[in-house]
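Hello,

Here is the structure I promised to pass on. Please open it first, then read my notes below.

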Amino acid sequence: MSEFDPPKSGAASMLVRGGEPVHGEIHVRGSKNALPKAMVAALLTSEKCRLTNISAITDLGVVEELITITGGDVHHSNDQIEITAHSFTELSETDVVRLHATSRIPVLTTAVSLHRSGRAIIAAPGGCEIGPRPVDFHLNVLRAFGARDSQFENHIELVADRLRGARVRLPFPSVGATEQFLFASSLAEGNSELTNAAIEPEILDLVAVLQKMGAIISVEPNRTIRVTGVESLHGFDHRVIGDRLEAASWASLALATAGEITVRGVQQQLLSTFLNMFRRAGGDFTIDADSDVLTFHRARRMLRPLALETDVHPGFMTDWQSPFVTALTQADGVSVVHETVYEDRLGYTDALRSLGAQIQVFTECLGPTRCRFGAANHRHSAVVVGPTKLHGAELSIPDLRAGFSYVIAAAAAEGESLLHGVDLLDRGYSDFRAKLSAVGIDHR
Ligand code: EPZ
């Protein structure tokens, strides 16, 4: 007899029966945080561009709509997307306000719009609510390239003749602002330099795309990126890197439930820091010769507690944090977590406590680094006491990674859990219901 009324078909809710180790194999495709950026790059040319290794995630829909509204063609078939932005009309204020509210990607088209039409509009961007997530760095980058901006009630208008090469230093190695710099500098007049840049694998994949298009970009030591602007860019053909965030989520599920999952499609080197922490916690993995088939399991019955501090690449990724910390609720001892990238990314621990986890959240910096949030009263550190026996509960999913950590907790828990808002997971986990079945999780 079920504790909850089963969700109606098509409802964005899911009943998960937990308590069994997972076993199975899943195939991870193109990175949620690389693919949409490559699609934006296609707007920098009127020639045809092709992308392969496509994951079926809803975040792509926003970019496809944006390309179509600006006058481009998008052909999306199973494993490839073809884009031809033969013309470009800048977005209207209404479209900007609507599209910008749905995800972080549209703000990345600002430099593109300035290149192609001399005008652009920025509105408050959407995406996961894990902190205020302002775009001030983006604006400073664009101003440095000569864009002039005017503030209006709910949007900012920017105009520019031709963007001119610039030297910019980021206050924090922001992924989005680095991407904005790459889009601006590739077609700007003269040379540009970005210091304190983000160097995530998704950034290097975008650099590879732009280089295929004819750009001149060098990623140098000490987070410095140098670019010589070119007159025009041409089409490209590119296979996007696998999604290392999705791979680490499934690995954390195997760790939490003492199961075994084989993940195909993500290169070992994209996960290097995660693999080290996975092994420190008492997990282990085998990797095939091509280094893109990894099998994750526990190396010992009880997991070890850890001190975990997130950081920008090559540190421990903030997007790995919530799924991995959920597994640490099963470790034998006290783990300490310090989130240094987002000021409000520990909210999900309230829900884990309702399943029986023992987690205390703090505003102090509980880690070796005194981070930006130290003195600002942000709940960005946590102490996790384990092992705790988790039991089923009813939860509402607030954002993508927290959502997957709820799936992990529900799978590790005795009894049933009812998860609401699971369609949010479609934003970044392709075919995840089929994958849950593939690893033996009883859900409906
Ligand atoms: C990208 O977000 C990813 N999203 C995020 O993944 C990821 O967590 C993040 O990079 C860090 O790796 C996409 O690629 C779509 P940032 P982005 O600019 O570019 C502050 C997921 O779960 N900041 O590197 O928005 C900001 O508030 C998502 O897949 C400013 O203050 O991240 C944050 O504290 C979540 N001003 C920090 O920098 C700015 O103008 C890092 O943000 C820009 C950023």
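**Around the ligand**

A polar side-chain atom of Arg-401 sits 2.8 Å from an oxygen atom of the ligand. On its own, the ligand exposes 830 Å², and the protein buries 94% of that. Accessible areas here come from the Shrake-Rupley method with a 1.4 Å probe; for residues, only the protein chains shown count as cover.

A word on the basis. This is a predicted model: local features need pLDDT of at least 70, side-chain atom pairs count only at pLDDT 80 or more, and totals for chains, interfaces and linings use all residues. Residues are numbered from 1 along each chain as its sequence is written, and side-chain values use heavy atoms, with hydrogens and water left out.

Back to the ligand. An N or O atom in the side chain of Arg-133 is 3.1 Å from a ligand oxygen. The shell has 26 residues; the closest are Lys-37, Asp-136, Ser-174, Val-175 and Val-341.

Helix 5 (136-144), helix 6 (175-186) and helix 10 (318-328) each supply at least two shell residues. Helix 5 gives the largest share, 3 residues. Helices (H or I, at least four residues) and strands (E, at least two) are DSSP runs, numbered from the N terminus.

**Helix 8**

Of its 14 residues, 14 are buried. Buried means under 20% relative accessible area, exposed over 50%, and partly exposed in between (1.4 Å probe, protein chains only).

Asp-243 caps the N-terminal end of helix 8, with a side-chain oxygen 2.9 Å from the backbone nitrogen of Leu-245. After the helix comes Ala-258, whose phi is positive, near 60°.

**Two residues to look at**

His-380 lies in the loop between strand 19 (358-362) and strand 20 (381-386). His-380 counts as buried because its relative accessibility is 1%. Its side chain reaches the backbone oxygen of His-378 at 2.8 Å.

Gln-358 belongs to strand 19. With a relative accessible area of 45%, Gln-358 is partly exposed. Gln-358 and Val-385 are 27 residues apart along the chain, yet their C-alpha atoms are separated by 5.4 Å.

Best wishes

Conventions: Polar contact = N/O pair within 3.5 Å; in protein donor to acceptor, adjacent residues only side chain to side chain. Near = heavy atom within 4 Å.
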